[in-house]
Amino acid sequence: RRKMDVDSVTQQGPFDTTQPRQSLVTPTNAKRVLYVGGLAEEVTEDVLQAAFLPFGDILSVMIPMDYQNAKNRGFGFVEFELRDDALAAVDNMDRGELFGRVLNISIAREKTLTKNRPVWEDAADEFFGTEEEMARAASERKQIEEAKRNEEEKAKQAVRRQRVVETSL
């Protein structure tokens, strides 16, 4: 296990931030992307890259930010060019220290939610139907209620007519 601090980390050039960020983990690179948890607030993408650079060529580094307080969220992702380099980094850096914090490193899992939808929404769609089906059902219910009201009104009018006829006799 290696202990790394500010003095042992060299600064590298920044990554291209002009491109929109997407999930680093895809089916084609799933075994090359590492999840790095336990990051200190001071850790930047450049520092994280420098910490993992001894294990092989790095394609990208991403540290999600909490934009409410402008700090990192305590974890990040490192994508290696080769799977063996990623595995070597896990073996050597898991439970290691960086900026006084113990790192938790593992192979990143593929992101499963892609539509920013709650996990239960698909099941709800199956149970209740989609929004279009629900709107159609609501429209049908409204038509049925209106037809019932019309029939009730016709029945009331028939009763009134019958009373008029009875009173006139």
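Modeller: Two strands (DSSP E runs of at least two residues, numbered from the N terminus) pair if DSSP finds at least two bridges between them. The model is predicted, so local features need pLDDT of at least 70, side-chain atom pairs count only at 80 or more, and totals for chains, interfaces and linings use all residues. Residues are numbered from 1 along each chain, and side-chain values use heavy atoms, without hydrogens and water.

On one side, S6 runs antiparallel to strand S3 (residues 58-62), with 4 bridges between them; here Phe 80 of S6 is the bridge partner of Ile 58. Strand S2 (residues 33-37) is also antiparallel to S6 and is joined to it by 5 bridges, and Gly 76 of S6 is the partner of Val 36.

These pairings belong to an open, antiparallel sheet of 4 strands in the order S3-S6-S2-S9. Its edge strands, S3 and S9 (104-107), each pair on one side only.

Helix H1 (residues 45-52) touches S2, S3, S6 and S9, while helix H2 (residues 83-93) touches S2, S6 and S9.

S6 itself is mostly covered: 6 of its 6 residues are buried, that is, under 20% relative accessible area with a 1.4 Å probe, protein chains only. Phe 75, Phe 77 and Glu 79 point one way, whereas Gly 76, Val 78 and Phe 80 point the other way. In a regular strand, side chains alternate between the two faces of the sheet.

How values were computed
Buried < 20%, exposed > 50% of the residue type's maximum accessible area, 1.4 Å probe, protein only. Contact = heavy atoms within 4.5 Å. Axes fitted to C-alpha atoms, helices over the stretch in contact; angles between N-to-C directions.
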